[in-house]
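Open the model in your viewer and keep the selection tool ready.

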Amino acid sequence: MIGAKVDLAGCTVLLAAAPGSATRAARYLQAQCVDTLLQASTPLGALALLGQSDVLALCTGQSLKFSALRRQALAQGTPVIELDPGTAEGRITLVGGGPGALELLTLRAAAVLASADVVFCDRLGPGEFLDQLAPQARIIDVGKQPGHHKVTQERIEELMLREASRGNHVVRLKGGDPYVFGRGFEEVESATAAGIPVSVVPGLSSCITVPAAAGIPVTARGVTRAFTVISGHDPLVEQQLAQLAVLGGTIVVLMGMGTLEHTAAGLRRRGLPADTPCAVVESGTTGTQRTTHATLSTLAAAARAAGCANPAVIVIGQVAALPLGLDAAQQMSLEATA
């Protein structure tokens, strides 16, 4: 019955394989909905388990090592199947981890992490919870900080492709959403060019969730009906500043602490009113979240005085003052009832 088509669903399967090929072969068998998967890496260990199995699975290229086991299985009427772990297809999944709070990770993202063999993680997002989310995976920290990229983007892509080519399920865990200033599409292009299957799990972007966690809606009826998200990683050029100043609506700046003074001064220079409300929300959605309120003219000085630092989201526009109005209304209500 070697090589015969065997329905493995509901079966107890004994996988006899050397450690190097066992992981990929086991992943294939589990995908066939086996009831119980027994594993052994030595002929003696496998012989001890043979009587408990409905099917024996061997990997191609290891016939000589397990020849006695094969003969014993056939002699007692146990089907034998052969697997080629070299054809086990690796894949890459880009996962948006959200703004940082574990509860804001999507169910799909959690399921993907639970099936990962290798996780390449950033410094943002729910990386601190990976021991819970992906306990079986090898974790590789490739996080980038402003002005310091310990692993280049090209090297990250190279490492991801190498792991996937070995048959591993590779997860690239990013803060926020992979396609919002996350260089996700570059990694999709790289995987596609290499012939590696790749998919994307969207995540909650900090451009919306972090202001919301601080009580700031990026749009509000009667206040603004549009918002613009920009990267402050590099200083904005004059044309960009001019366009933002006259566009109207809310301006949300990600990765902008290093260029905050340049952005604030440039928007004022290009005509945005000096009294425009602003807010800096640090470590949004986490236990260390903090908000600093200011106006456009005082934003840089207020951020310096408060010691604001990344990770932070900067909100510029009338909506930034809305939580202050709520606070004032609540205070008046308390005073009225005192």
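**Start at strand E16**

Select Ala 279 and Val 315: Ala 279 stands opposite Val 315, a residue of E16. Keep in mind that this is a predicted model.

Now widen the selection to the two strands. E14 covers residues 277-282. It runs antiparallel to E16, and 5 bridges join the two.

Next, look at the other partner of E16. Select strand E13, residues 250-254, together with E16, residues 312-316. These strands are also antiparallel, joined by 4 bridges. Pick out two facing pairs here. Leu 254 is opposite Val 313 in E16. Ile 251 is opposite Ile 316 in E16.

**The two faces of E16**

Which residues point which way? Ala 312, Ile 314 and Ile 316 point one way, while Val 313 and Val 315 point the other. In a regular strand, side chains alternate between the two faces of the sheet. Is E16 mostly covered or mostly open? It is mostly covered, with 5 of its 5 residues buried.

**Stop at Thr 292**

Is Thr 292 buried or exposed? Its relative accessibility is 13%, so Thr 292 counts as buried, the cut-off being under 20%. Show what it touches beyond its neighbours within four places in sequence. Thr 292 is in contact with Cys 278, Ala 279, Val 280 and Glu 282, and also with Ala 302, Ala 306 and Cys 308. Ala 279 is the residue you selected opposite Val 315.

**Zoom out to the chain**

Show everything. The protein chain has 12 helices and 16 strands. Its C-alpha trace spans about 85 × 50 × 30 Å along the principal axes. The radius of gyration is 27 Å, whereas a compact globule of 338 residues would have one near 20 Å.

Colour by burial: 45% of the 338 residues count as buried. Then show the surface. The accessible surface comes to about 16,600 Å², and 55% of it belongs to carbon and sulfur atoms. Finish with contacts. Among those between residues at least 6 apart in sequence, 65% join residues at least 24 apart.

Technical notes. Residues numbered from 1 in each chain as written. Predicted model: local features only at pLDDT ≥ 70, side-chain atom pairs only at ≥ 80, totals over all residues. Heavy atoms only, no water. Pairing = 2+ DSSP bridges. Buried < 20%, exposed > 50% of the residue type's maximum accessible area, 1.4 Å probe, protein only. Contact = heavy atoms within 4.5 Å. Rg over C-alpha atoms; globule rule 2.2 N^0.38 Å. Areas by Shrake-Rupley, 256 points an atom, 1.4 Å probe, with all protein chains shown as cover.
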